[in-house]
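Let's take a walk through this protein together.

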Amino acid sequence: ALPIFHPVTGDIPFRELGLQHINRIRANIANAGRTPRMQQYVARTFAMVWRSAQDFGIVDVACPTKSASFRLPRVDNERQRYLTVEEEVLLLENVKKRSPQAHDMAVVSLDAGLRFNEVASLNWQCVDLEAATLRILYTKGGRDRTVPMTNRLKALFASMERGKPSGLVFPNTKGIKHLQVPSAFKRGLADAKLNEAVTNPKLRASFHSLRHTAASRLVQAGVDLYLVQRILG
């Protein structure tokens, strides 16, 4: 493991750490051949610890990462993979063998273009079968949106036992929200072998590829790009 903080900070009191220290830490990460993403993770962790120190009265000034001169390298790791119809069928078949719930979550993402967190946060009061819409409340952009259901989605939700209005549609085995993509989906993806011989990380299939697939199909169907943007949030 790469020693990150201590070689730079040593025994310096936390309140005395400044921009020069975080910049040296960044340089050490880069010189060790680590990715720009690692620099982002470390800076984010440093900022979280600093905020906790502020809460406990240990420091009373802004975090050095808030300085106008502090810059992190840009990282472009946006997934570009979308699925063909044949790949979709293969993936869903393999995921369903592992977990019907993981399969259903994948279908929701495929047909509604939802991010994983939006699927995991979906509760029954946001599922309107009569209007055939989903109300998405916990969005990355912070704005609620309404998404139309496909016939497949409407049939899926109609077949499920409806819980309490505030209840999660897809709770985990402990009855609470999934915090990460279910391992059953990942195993089903591996079983489908969609990533065999794919070396470029951007082109590897993942749960997020389902959202990309939804966007691609909307565009191919001639849906106005502004409307696609509104649906996907």
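Predicted model: local features only at pLDDT ≥ 70, side-chain atom pairs only at ≥ 80, totals over all residues.

The ring of Trp 50 pairs with that of Phe 14 in a tilted arrangement, with 5.1 Å from centre to centre and 40° between the planes. Phe 14 itself is partly exposed, since its relative accessible area is 25%, and buried would need under 20%.

What does this pair tie together? Phe 14 sits in the loop between helix 1 (6-9) and helix 2 (19-31), while Trp 50 belongs to helix 3 (residues 36-55), so the pair links parts that lie 36 residues apart in sequence. Across the whole structure, a search turns up seven aromatic pairs.

In soluble globular proteins, nonpolar side chains tend to be buried together. Here the largest core holds 39 residues, and Val 108, Leu 134, Leu 153, Phe 157 and Phe 185 have the most contacts inside it. Several elements give two or more residues to this core, among them helix 4 (85-98), strand 2 (133-136) and helix 8 (183-192). Helix 5 supplies the largest share, seven residues. For a close-up, pick Leu 153: leaving aside residues up to four places away in sequence, Leu 153 touches Val 107, Val 108, Asp 111, Ala 112 and Leu 134. There's also a second, separate core of 14 residues, including Val 8, Leu 17, Ile 22 and Val 42.

Three strands make up an open sheet in the order 1-2-3, with antiparallel pairing. Strand 1 (127-128) and strand 3 (145-148) are the edges, each pairing on one side only. Strand 2 and strand 3 are joined over four bridges, and one place to look is Arg 135, whose bridge partner in strand 3 is Thr 146.

Finally, zoom out. The protein has ten helices and three strands, running α-α-α-α-α-α-β-β-β-α-α-α-α along the sequence. Its radius of gyration is 22 Å, well over the 17 Å that the globule rule gives for 233 residues, so the protein is more spread out than a compact globule. The C-alpha trace spans about 60 × 45 × 40 Å along its principal axes. Of the 233 residues, 39% count as buried.

Note on methods:
Residues numbered from 1 in each chain as written. Heavy atoms only, no water. Core = buried A, V, L, I, M, F, W, Y, C linked by side-chain atoms within 4.5 Å. Buried < 20%, exposed > 50% of the residue type's maximum accessible area, 1.4 Å probe, protein only. Contact = heavy atoms within 4.5 Å. Phe/Tyr/Trp six-rings, centres within 6.5 Å; stacked < 30°, edge-to-face > 60°. Pairing = 2+ DSSP bridges. Rg over C-alpha atoms; globule rule 2.2 N^0.38 Å.
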